[in-house]
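Could you walk me through this structure in my viewer? I would like to know what to select at each stop and what I will find there.

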Amino acid sequence: MKPARPAPPKKRDWSWRSQALRSVLYQVLALALVFSAGYYLLGNTLENMRLRGIKSGFDFITQPAGFGIGESIIPFDSAESYGKAFAVGLSNTLRVAVVGIVLATLLGTLIGIGRLSRNVLLRSLCGAYVEFFRNVPLLLQLFIWYFILTETLPTIEEALRPLPGVFFSKNGLQFPVPVWADSHIFTLAGFGLGLLGAWWWGRQTRQHFEATGRSRPVWLPGLLLVMGMGLLGWLAGGSPAALDIPEKSELNVVGGGSVTPEYMTVLVGLTIYTAAYIAEIVRGGIQAVPFGQHEASAALGLSRGKEVRLVLLPQALRVIIPPVTSQYLNLTKNSSLAVAVGYPDLVSISTTSLNQTGRAIECIALIMACYLTLSLLTSWYMNAYNRRSLLKER
Amino acid sequence: MKLSKLSTLAAAAAAVVTLTATPAHAGKTIDAIKARGQVICGVNPSLPGFAAADSQGNWTGFDVDICKAVSATVLSDATKVKWTPLNASQRFAALQAGEIDVLSRNTTWTLTRDASLGLNFTGVTYYDGQGFMVTKKSKITSAKQLKGATVCVQSGTTTEKNLADYSKAMKLNMKPVVFETQEATNKAYFTGRCQVYTTDASGLASVRNKEATNPADHLILPDLISKEPLGPSVRRGDDEWFAIVKWVVFALIEAEEYGITQANVDQMKSSSTDPVVQRILGTSEDTGKLLGLDKEWAYRAIKAVGNYGEMFERNLGPNSTLKLPRGANNLWSKGGLIYAPPVR
């Protein structure tokens, strides 16, 4: 018998027929095609615009805007730049998106749990809520809420005055706000210390519980701590109590903080619509938890409320979080419908800029960049949270 | 060749072809119109007096009549128009993209629009100004009393900028509420969300007539806070089409100046001895040839819609529901601003 010859060394075959070469070549070609398509589209557009005398470029960002904005948390004047106008629009979008996400999550979770209740009335009501608000287009819902708010509320001359200094009318809800004095820093510092103290107390309670099995109250002492430290800080700062109270002027009510009907419409409309979707996701998540968990918690004698809160929801989280992330992104993007009811969000201000400067492509590109950034940030944070709540298998 | 080699080469060839392709160019508008057999006209979706469709889909209005005159001139038929309703945000994009041939949509002629949007305004057909409308109940009689008022405006118009300028100059601190569509803006004002409605004065009259449950309850303030010269516009890059649309309007104005009306144009064509009238109607010399049309170009325009004065009276003046006075829109010889270069 001949001794087995050692296998010849494997040579990387770079001939025309090798798979390695073909795969690299196809990938390079595909990439080149995509880039050349993009280059062609962009080049064609810019060339056509130049030929027709349509100006392009982002230089309009520093020009004075020339238009006013109805409501904003940052003071804005028509002499400030388009860039600042865009920033105001973005802040308005964030204002409605952040509050909307928080409220929609709370409402949606409650309704989702309500749909699994043993109480027939509660179950039916939650079911009806979901079926109605999920199936009516959002734009129509916004129009309905706007119609209700502007038709049923009285005009500013006959505004409702539930409390002194509070006006509720077609112009929205106007209320007194404290005037910022420098010594309010102490109040904020007090709140900050109180929050730290509450967090520390929570940690101590958990460690004590894990060591001895006895639980201590957490929420009430924490709340008292935050309020107490805030109060101490306020007193230390000389108790600045100046309030900006809304007052009737000739035509309007000036002063104080205000929440316009446009903001209320967009917030309420978005919250109720998205909560219907989140309710279904939460319900699905809870039903995805294995039935053995329910039997085990029944065996332990947990009430239904404790069972949902301590056993089912935490395990349902890993199923709930990815679809709920999509709903958060939907809510943020749906806030662009605000322009139909007159709320000056990013899209509304960008449309105004677009019409005044004629820079359609630049303005749309800016809107897309803003929404893309917001969405990526939201989904990045939610994915990080999702990873933390995954079941860790050993 | 093997299939893998062939497909690889095909992919490479496609990439090379797209890289060397040249940008697409705009064609000549007049040729496209004649080939298509229609003029595509961008108009306001609903502004009675300027452009409105009835329940059968027939469009009437001042801006509509201009397009009808252009169509009669170019295609010998005032009905060969495709009407494209456009809101304020869409109108310039539609013109730039070539979806419409002419924009006759109560659009104000401003420097920004003329210089940076790639279009040319062919002239002013209506001299307007921005005004305010308030309810009589509010007891406001002058724009200077509007301190701190909430104002409904439509997005995408010169209105927002004028409002901000005026508010700043007069220190009125007015708060705008901006809606995308005219319907939403109207509704917000008439339900009382805003105390003031602002747009061009002609638009105010039209909206009050159309939407108010009782037009007498609303007052259009006499102050005009801006100049709003309204006129049709066309794309840049086509000087012949630009000249045609421009001169159709001038011909209608010249017709009023020389007493040619829709009723007497045939009789004037056959029997007038005034050399100016003969030139306009094409009996003595052919001015249309220079525009790329025939000698009866102005005759067809006047026969289709009448002269400028008739167009105004039918749509905006005493024979209409708006009953706007001629004011600045009268002929120059009667104290107004309407003046056409001579057709010769």
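Start by selecting B:Asn186, which counts as buried because its relative accessibility is 1%, under the 20% cut-off. The model you are looking at is a predicted one. B:Asn186 sits in helix α7 of chain B, which covers residues 182–190. Show its surroundings as well: leaving aside residues up to four places away in sequence, B:Asn186 touches B:Tyr197, B:Val207 and B:Glu211.

Next, select B:Lys187. This residue forms a salt bridge with A:Glu151, and the closest N and O atoms are 3.9 Å apart. Between chain A and chain B there are three salt bridges in total, along with six residue pairs in polar contact, both residues being at pLDDT 80 or more. On the side of chain A that touches chain B, α1(A) gives the most, with 12 residues. By class, that side of chain A has 22 nonpolar, 19 polar and nine charged residues.

Now colour the two chains separately and look at where they meet. The contact takes 50 residues from chain A and 55 residues from chain B. Together the chains bury about 4200 Å² between them, with 54% of it on carbon and sulfur atoms.

For the next stop, go to B:Phe62, B:Val74, B:Trp241 and B:Ile260. These residues have the most contacts inside the largest nonpolar core, which has 59 residues. Helix α9 of chain B, residues 239–257, gives the most to this core, with 11 residues. A second, separate core has 45 residues, and A:Tyr146, A:Val282, A:Ile320 and B:Met133 are included in it.

Select A:Asp59 and A:Arg359, whose side chains meet in a salt bridge at 2.8 Å, N to O. A:Asp59 lies in the loop between α1 and α2 of chain A and A:Arg359 in the loop between α10 and α11 of chain A, so the pair ties together parts that are 300 residues apart in sequence. A:Asp59 is partly exposed, with a relative accessible area of 47%, whereas A:Arg359 is buried, at 10%.

Finish at A:Arg283 and A:Glu280, which form a salt bridge with the closest N and O atoms 2.9 Å apart. The two are separated by about one helical turn because they are three residues apart in helix α7 of chain A. A:Arg283 is partly exposed, with a relative accessible area of 21%, while A:Glu280 counts as buried at 15% relative accessibility.

Definitions and conventions
Residues numbered from 1 in each chain as written. Chains lettered and ligands numbered in written order. Predicted model: local features only at pLDDT ≥ 70, side-chain atom pairs only at ≥ 80, totals over all residues. Heavy atoms only, no water. Core = buried A, V, L, I, M, F, W, Y, C linked by side-chain atoms within 4.5 Å. Buried < 20%, exposed > 50% of the residue type's maximum accessible area, 1.4 Å probe, protein only. Helix = DSSP H or I, 4+ residues; strand = E, 2+ residues; numbered from the N terminus. Contact = heavy atoms within 4.5 Å. Buried area = accessible area lost by both parts, 1.4 Å probe. Salt bridge = Lys/Arg side-chain N within 4 Å of Asp/Glu carboxyl O. Polar contact = N/O pair within 3.5 Å; in protein donor to acceptor, adjacent residues only side chain to side chain. Nonpolar A, V, L, I, M, F, W, Y, C, P; charged D, E, K, R; others polar.
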